[in-house]
Amino acid sequence: MLRQPILLLARSQGVKKLVSTMPVSSGIVTSYVPGESTADAVGATAELVDDGLRTTLDYLGEDTADAAQADATVAAYKELLAELAARGLAPKAEVSVKLSAIGQFLPDNGHKVALENARDICRAARNAGTTVTLDMEDHTTTDSTLAILRELRKDFPETGAVLQAMLHRTEADCRALAHEGSRVRLCKGAYMEPEEVAFQDRVDVDRSYVRCLKVLLGGQGYPMIATHDPRMIQIASSLASRFGRQPGTYEFQMLYGIRPEEQKRLAAAGETMRVYIPYGTEWYGYLMRRLAEKPQNLAFFARSLVSKK
Ligand SMILES: Cc1cc2nc3c(=O)[nH]c(=O)nc-3n(C[C@H](O)[C@H](O)[C@H](O)COP(=O)(O)OP(=O)(O)OC[C@H]3O[C@@H](n4cnc5c(N)ncnc54)[C@H](O)[C@@H]3O)c2cc1C
């Protein structure tokens with residue numbers, strides 16, 4: 001499997017420097033990221049909403065090492081939320097936030113800084129008329145992220161969480177979070193994880209995904225089924241019927257640029273379909289995770305790198 005080598009290579013500073021010189025307009029980047037500015041993100045949302053879809057927007061950035069950068073990320077989210085509200089898009093567009101982009105890894109008080117920054121974004125989202133979902137990063141952050149979620153939900157119970165089927169712990173986490181009012185996005189997991197904590201075989205990850213779907217769709221919360229996998233989508237639909245769930249009591253989610261026709265098909269069939277839109281200048285880590293999932297795109301990627309346009 002090419003996934004792990006690509007994720008390992010992505011950690012090299014040399015590779016990062018080379019890839020980051022590509023303009024955002026180069027084909028491979030724009031196929032996953034609509035642009036760098038708030039206007040690009042809001043424009044992409046308006047188009048998708050016109051097609052009957054919803055969105056969740058991620059201001060790209062992760063592993064922030066300084067507080068000023070974390071503050072700049074919070075400011076970017078506030079600007080975005082104000083613009084979504086001004087354009088009347090907030091009921092159809094929420095935001096996704098990576099805690100490492102708003103201070104979780106800062107030395108000494110990272111957990112506290114991330115909590116306060118997340119609270120600030122939740123407040124701005126509520127004022128705009130929408131919600132926040134906390135993205136999940138690698139397994140070393142899971143406990144801290146779920147603890148921050150618990151704190152945030154005291155004041156903002158609408159805040160969503162993400163759980164990753166590849167982790168051994170996730171079925172139990174699903175049980176803990178399958179209660180009324182709880183918004184949980186279930187994904188397979190995009191990070192390179194050791195075998196002590198995560199399933200390594202795709203089949204085992206898929207089996208775990210199905211077990212977690214059963215817990216979430218059979219529970220009282222609002223499941224957000226984040227996958228492009230046709231088999232998982234089909235199984236989720238059957239389980240939703242089996243548990244007597246109506247469309248609107250759960251939703252499907254996919255990433256911007258991936259299976260756009262399927263996104264529209266599900267929306268046209270009456271399902272709630274939300275597209276995750278990443279935007280901003282820090283697209284490197286996001287792009288490398290998407291390439292690792294779709295190694296067939298590597299040739300396309302190599303050509304973009306050589307032609308740099
Ligand atoms: C809305 C959303 C939010 C997410 N949030 C998080 C998060 O917070 N934390 C986290 O760890 N992960 C997150 N992910 C990523 C997720 O964990 C997976 O890495 C990613 O979705 C690929 O898994 P898959 O379920 O689509 O199945 P896969 O088994 O990877 O793919 C199934 C099929 O989907 C298609 N496909 C998949 N990837 C691509 C691609 N890059 N280009 C073209 N086609 C493709 C192919 O047809 C493939 O056969 C999120 C995913 C989505 C959709």
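An oxygen atom of the ligand lies 2.8 Å from an N or O atom in the side chain of lysine 188. Taken alone, the ligand exposes 940 Å², and the protein buries 86% of that. These areas come from the Shrake-Rupley method with a 1.4 Å probe.

This is a predicted model: local features need pLDDT of at least 70, side-chain atom pairs count only at pLDDT 80 or more, and totals for chains, interfaces and linings use all residues. Residues are numbered from 1 along each chain as its sequence is written, and side-chain values use heavy atoms, leaving out hydrogens and water.

**Around the ligand**

The ligand is surrounded by 24 residues. A residue counts here if one of its heavy atoms lies within 4 Å. The closest are Gly189, Arg202, Thr227, His228 and Glu293. The table gives polar contacts, which are pairs of N or O atoms within 3.5 Å.

| Side chain | Ligand atom | Distance |
|---|---|---|
| Glutamine 164 | oxygen | 2.9 Å |
| Arginine 185 | nitrogen | 3.2 Å |

Arg185 also belongs to a network of salt bridges with Asp58, Lys98 and Asp135.

**Salt bridges**

A salt bridge is a side-chain nitrogen of Lys or Arg within 4 Å of a carboxyl oxygen of Asp or Glu. The structure holds 23 of them. Arginine 119 forms one with glutamate 116, at 3.3 Å between the closest N and O atoms. Both residues lie in helix α6 (residues 110–128), three residues apart, about one turn of the helix. Arginine 119 also meets aspartate 155, at 3.1 Å from N to O. This pair links distant parts of the chain: aspartate 155 sits in helix α7 (residues 142–155), arginine 119 in helix α6, 36 residues apart.

Is arginine 119 buried or exposed? Its relative accessibility is 15%, so arginine 119 counts as buried. Buried means under 20% relative accessible area, exposed over 50%, and partly exposed in between (1.4 Å probe, protein chains only). Glutamate 116, at 39%, is partly exposed. Aspartate 155, at 43%, is partly exposed.

**Strand β8**

Helices (H or I, at least four residues) and strands (E, at least two) are DSSP runs, numbered from the N terminus. In strand β8 (residues 273–279), seven of seven residues are buried. Met273, Val275, Ile277 and Tyr279 point one way, while Arg274, Tyr276 and Pro278 point the other way.

Strands pair if DSSP finds at least two bridges between them. Strand β1 (residues 54–59) runs parallel to β8 over six bridges. Tyrosine 59 has tyrosine 279 as its bridge partner in β8. Strand β7 (residues 251–255) is parallel to β8 too, joined by four bridges. Here methionine 254 partners valine 275.

Note on methods: Polar contact = N/O pair within 3.5 Å; in protein donor to acceptor, adjacent residues only side chain to side chain.
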